[in-house]
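Me: Hi! Could you walk me through this one? I'd like to start with the core and then hop around a bit.

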Amino acid sequence: MIDRALGAARRSPHLTIWYLFLVTLLAFGAVSGARVLIEGLRVTNLTDELPWGLWIVIDLSSIALGAGAFTLSAAVYVFGLKQYASIARAAVFVGLLGYTSAMLALFVDIGRPDRFYHPILYWNPHSVLWEITIAVMFYTTVLVLEFTPIIVESTPLNNYALARRLGHLLHRIMPVVALVGMGISMVHQSSLGATYGILTARPVWYSPSAPVLFILSAIAAGPALTLLVTMISGELMQKRLVPEDVLHGVARFVGFASLAYLYLKLWSWLAVSYYSHVPGHASGIEILNENTPYGFTFWWGEVLMGALLPAIIFLWPRTRRNRYALMLGALMVVAGLVVNRWNVTLSGFVVPLDWSPGVLDVFPINMYEPSLVEWGVAAGIIGYSWLGWTLGVRYLRLYPNAVRLVRRRVVTQPAVAESGEQPATAR
Amino acid sequence: MSMNNPSGTQNGTQTEAILTRREFVMLMVGAGASVALATMLAEPLNPLFQRVLGGDIEHEKYTAAASDNPRWGMVINLSTCIGCEYCVYACQATNDVTDAMRWNVHIVDETPTGNIFHMTRPCLHCNNAPCVSVCPVSATYSRSDGLVVMDYDKCIGCRYCEVACPYGARSFNWEERGDEPNPRAPEWGTPEVPRRPRGVVEKCTFCIHRIDAGLAAGLTPGVDPEATPACVNICPVRARVFGDLNNPESEVSQIIASTATFRLREDLGTEPNVYYIPPEGLAI
């Protein structure tokens, strides 16, 4: 047993180091998670004035980055773009990892994890968070349904006629599942933005465009992450996992989605901060700019890196045909999304409430930096999703059209030329 | 339907369609079926929706029937408050609250005319409480007598109510409370309610236990001290008055009828049941 493990380690030392790294992350996460469950949330740097932090950012980011599942499944099963079937399975797997990561983060974050099922028993249809909880639950079920045929195909389960028939049945009803999944996703992805957008007492948050910004950024960043992990995995495994024109099609889609996001983002800013003056909002932004890198991270992180540059990379054919530019662009969209979720979550808390009728600034500005335990849990969740992906891409049939490249240098040249002749189209 | 003809065959020109007619019809049928299913599934929810959305109707009912359907409220006089913090301490002793989690807070503020005044704030027990609408498990809810209450057995500790409350009136149990003594007992009173467990949110209850027990014993909250919140009883300058806002004879109703009062962040439409008499120099 140990001999075999050592032998495997000697054959692929890089993979071994990677696994060791992931196991370290997981161990860090397990220890930190245990501390939270035993000692309570006092081990965080959260307060009554700033009760949500890094874990909520992770939760929002992983759900948004899991949006590739519903977008690409809808492309295949609802809009009939069959060629994207070659990447849709991977997107479903990324989605499953994203949603389970979010659930892990929430489980640690709530004060009473033993009551995680309460939203099912005690309904509050007026609560946007109740709606999100129920929708996330249903959508995770959709993801499991979409994922089951992959499991059946990739494991010895395939030897059992019953399992094969279940997989086949699920495959046949997939258009319905994908349609339902798209509906539920559209709703709860935007509701996550509404979590902040509906809070009238917080001018920095209160915004009718918040829900739409959340869904648009998720539609851009979800497929971008699927694109990124597909390309990185292909490079490392020396396989062409997905045909080039499919990669380019996804890239173009992300480019257009980024532009749509950018458009609404700029108008949301112009309407409130440039063409008009909303006192509470303006003073809030002033506080943020004086005390945090909000202004810098908003313009350079969210707008330029997260949307404008990747849109150019993905929509300009010359950069789109360059694999490394494509990977860089996808990485920028993903990073931009995480920066955005951090900024949105924290900005509303930094600016203090103002309920006293007097003129003094009686309420202090709230600053936040995650504690070591918070970082630890975050590392554990990231380790979980990366390990899940590594195992999945190695042992599951995530890419039905994967082709092994014998010598990379020889094969990539014609692949690039080929895609040049047939420009990828989204429709 | 014909306006959305997907195959684009107008004027006899045949163009490449994104969806075939068949796919389009399938899509529409699918969407229609989803809506029908959702409506069907939502049917049992209707009483719930009515309960949640029907606040205004209930409110009028109370106004008409006055003290048979009380609406508990408070008047705080900022022109007489001296900032002694007795209300803060009595609340801590009675409801067994730590220094870090005070349900009643005191801050010092200033009017535009430069007049320093003392501001104290319990939970305002809003008629349109943002905390109530955001709670994903209905652990915090509005009682028919206007009290905004916590059910500690339902709360999952997500803290969205803390995020949504415009007045910072909520505290989370970040850690388990042991047997450490109450910081204000016995000087300011004796704890009358159990400590809350780790991981749930808590807030001012207007001393709900006194109100309910008092009413059962035939007492009048706001008049009989046993049925009145501890912060009101202890105030040395009678800056706090408690009573039934629906009863025109109650002291709170009389003050509100005869004196200029305001509520905190009236612009947010939360309709608090706590009214303030402004300090000198504060225009309202």
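Me: Which residues have the most contacts inside the largest nonpolar core?
Reply: They are A:Ala221, A:Ala224, A:Val254 and A:Val334, in a core of 182 residues. A nonpolar core here is a set of buried Ala, Val, Leu, Ile, Met, Phe, Trp, Tyr and Cys residues joined through C-beta atoms within 7 Å. Buried means that 20 or more other C-beta atoms lie within 10 Å of the residue's own, exposed means 12 or fewer, and partly exposed is in between, with C-beta atoms placed from the backbone.

Me: Before we go on, what kind of model is this, and how is the numbering done?
Reply: This is a predicted model, where local features need pLDDT of at least 70, side-chain atom pairs count only at pLDDT 80 or more, and totals for chains, interfaces and linings use all residues. Residues are numbered from 1 along each chain as its sequence is written, while chains are lettered from A and ligands numbered from 1 in the order in which they are written.

Me: Thanks. What is A:Val254 in contact with, leaving aside neighbours within four places in sequence?
Reply: A:Ala220, A:Pro223, A:Ala224, A:Leu227, A:Phe314 and A:Val333. Contact means that the C-beta atoms, placed from the backbone, lie within 7 Å.

Me: And helix α3 of chain A, how many of its residues are buried?
Reply: Twelve of the twelve, so α3(A) is largely enclosed by the rest of the structure. Among them are A:Trp55, A:Asp59 and A:Ser61. Helices (H or I, at least four residues) and strands (E, at least two) are DSSP runs, numbered from the N terminus.

Me: What do those buried residues pack against?
Reply: In chain A, they pack against α5 (85-109), α9, α10 (210-237), α15 (323-350) and α16 (372-395).

Me: How far apart are the end C-alpha atoms of α3(A)?
Reply: They are 16 Å apart, which agrees with the 16 Å that residues 54-65 should span at 1.5 Å a residue. The expected span is 1.5 Å times one less than the number of residues.

Me: Now chain B. How many helices and strands does it have?
Reply: Nine helices and nine strands. Of its 284 residues, 41% count as buried.

Me: What's the strand order in the three-stranded sheet?
Reply: The order is β8-β1-β9 of chain B, in an open sheet with mixed pairing. β8 (240-244) and β9 (274-277) of chain B stand at the edges with a single partner strand each, so one side of each has no neighbour in the sheet. Strands pair if DSSP finds at least two bridges between them.

Me: How do β1 and β9 of chain B run, parallel or antiparallel?
Reply: Parallel, with four bridges joining β1 (residues 72-77) to β9(B). B:Val75 has B:Tyr275 as its bridge partner, and B:Asn77 stands opposite B:Ile277.

Me: Which way do the β9(B) residues point?
Reply: B:Val274 and B:Tyr276 point one way and B:Tyr275 and B:Ile277 the other, and all are buried.

Me: What about the hairpin, how many residues lie between its strands?
Reply: Five residues lie between β2(B) and β3(B), and B:Gly114 in the turn has a positive phi of about 90°. Six bridges join β2 (residues 105-110) to β3 (residues 116-121), which run antiparallel.

Me: Where is the cis peptide bond?
Reply: From B:Ala185 to B:Pro186, with omega near 5°. B:Pro186 is in the loop between β6 (170-172) and β7 (201-203) of chain B.

Me: Which non-glycine residues have positive phi?
Reply: B:Ser138 is one of them, with phi near 55°, and B:Phe206 has phi near 60°. Most residues other than glycine have a negative phi. B:Ser138 is buried, with 23 other C-beta atoms within 10 Å, and B:Phe206 is buried with 27.

Conventions. Contact = placed C-beta atoms within 7 Å.
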